[in-house]
Amino acid sequence: LFFVSVNNKKEKIKKKKRIHKQKLYLGLQIQKTPAGYYENGFFIQYSPKWKNNSFYLGFHYLTSRLGSAFQSNALKTDNYVVSVSYLFLQKFLVQPFTQINLGVNHSDYESSLFKDLSTNMSLFSLSTGIAYQPKKNPIKAFLSIGYNFTSSNGSGAGAMVYPIFFQFGIG
C-alpha cells in the first residue's frame with residue numbers, strides 16, 4: 001500500500017514588511033555666508049511614517065544674536081524658516097539630500113536712526129548636502145550649501161541675507 005498525504009491548508013507566506021517609524025530630531029545649527037555673519041540656533045525635523053522616512057518637515061531658528069552679534073555691535077538678525085527635505089539613498093549611512101526653505105528674516109537695528117528701513121524680509125532658498133544618520137542611534141548630522149533666491153543688496157531689510165550660505169547641524 002502506498003499512502004499520499006496532502007496538506008489542504010494554505011500556508012501563508014509572510015512578507016517581511018519594513019516598519020517605518022516616525023522620527024524627530026532636535027539639534028543645534030550653524031549658518032555662515034561667505035561675506036556675512038555666523039548665525040547659530042536650533043532646528044527641529046520630523047519625518048512621518050510614509051515614503052520610507054525620506055521626507056522631513058522642519059523648523060529652523062537661526063540668529064546672529066548667538067553668533068557674530070553676541071557681545072558685539074554687529075547687526076542682530078533672526079531667521080525663522082520652515083523646510084521640506086528629501087533624503088536619497090536611505091540604506092546608506094551617509095545620505096545626500098535636497099531641501100526647500102521658506103521663511104522670514106527679521107533685522108533688529110536697535111536705533112531710531114533706521115526707523116524708516118523695513119525690518120522684515122521673506123526668504124526662499126534651496127539647499128543640498130549630505131546627512132549622516134546611523135540606523136540605531138538617534139543622532140543626525142548634516143552639512144549643506146544653499147542659495148537664497150531672495151537676497152539683499154546690503155541696505156535695508158535683510159541686510160545680511162546673502163545669496164550663498166553654508167550650514168552645519170547636529171541633533
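A cavity, as I use the word this morning, is a set of points on a 1 Å grid over the protein atoms alone where a 1.4 Å probe fits but cannot get out, and its lining residues are those with an atom within 4 Å of a point. Grid points are joined across faces, edges and corners, and the volume is the space filled by probe spheres set on the points.

The model is a predicted one, in which local features need pLDDT of at least 70 and side-chain atom pairs count only at pLDDT 80 or more, while totals for chains, interfaces and linings use all residues. Residues are numbered from 1 along each chain as its sequence is written, and side-chain values use heavy atoms, with hydrogens and water left out.

Let me take the cavities to begin with. The largest share, three residues, comes from β5. By class the lining has seven nonpolar, eleven polar and one charged residues, with Ala, Val, Leu, Ile, Met, Phe, Trp, Tyr, Cys and Pro counted as nonpolar, Asp, Glu, Lys and Arg as charged, and the others, Gly among them, as polar.

The second largest cavity holds about 70 Å³ of space, and among the residues that line it are Q45, H60, F97, K140 and F142. At least two lining residues come from each of β4, β5, β6 and β7 (141-148), and the lining divides into four nonpolar, seven polar and one charged.

K140 also leads us to the rings, since K140 lies over the face of Y56, at 4.2 Å from the ring centre; the criterion is that NZ of Lys or CZ of Arg is within 6 Å of the ring centre and within 35 degrees of the ring normal. K32 is placed over the face of Y38 in this sense, at 5.2 Å from the ring centre.

For ring pairs, the centres of Phe, Tyr or Trp rings (for Trp, the six-membered ring) must lie within 6.5 Å, and planes under 30 degrees apart count as stacked, over 60 as edge-to-face and the rest as tilted. By this rule the count comes to ten aromatic pairs. One of them is F42 with Y61, a tilted pair at 5.9 Å centre to centre and 45° between the planes. Because F42 lies in strand β2 (residues 38-47) and Y61 in strand β3 (residues 55-63), this pair ties together parts that are 19 residues apart in sequence. Y61 also forms a tilted pair with Y80, at 5.2 Å and 40°, and here the link runs from β3 to β4 (residues 76-87), again 19 residues apart. Ring pairs link F42, F59, Y61 and Y80 into a cluster.

Methods
Helices (H or I, at least four residues) and strands (E, at least two) are DSSP runs, numbered from the N terminus. On a 1 Å grid over the protein atoms alone, a cavity is a set of points where a 1.4 Å probe fits but cannot get out, and a pocket is an open set with protein on both sides within 12 Å along at least five of seven lines; lining residues have an atom within 4 Å of a point.
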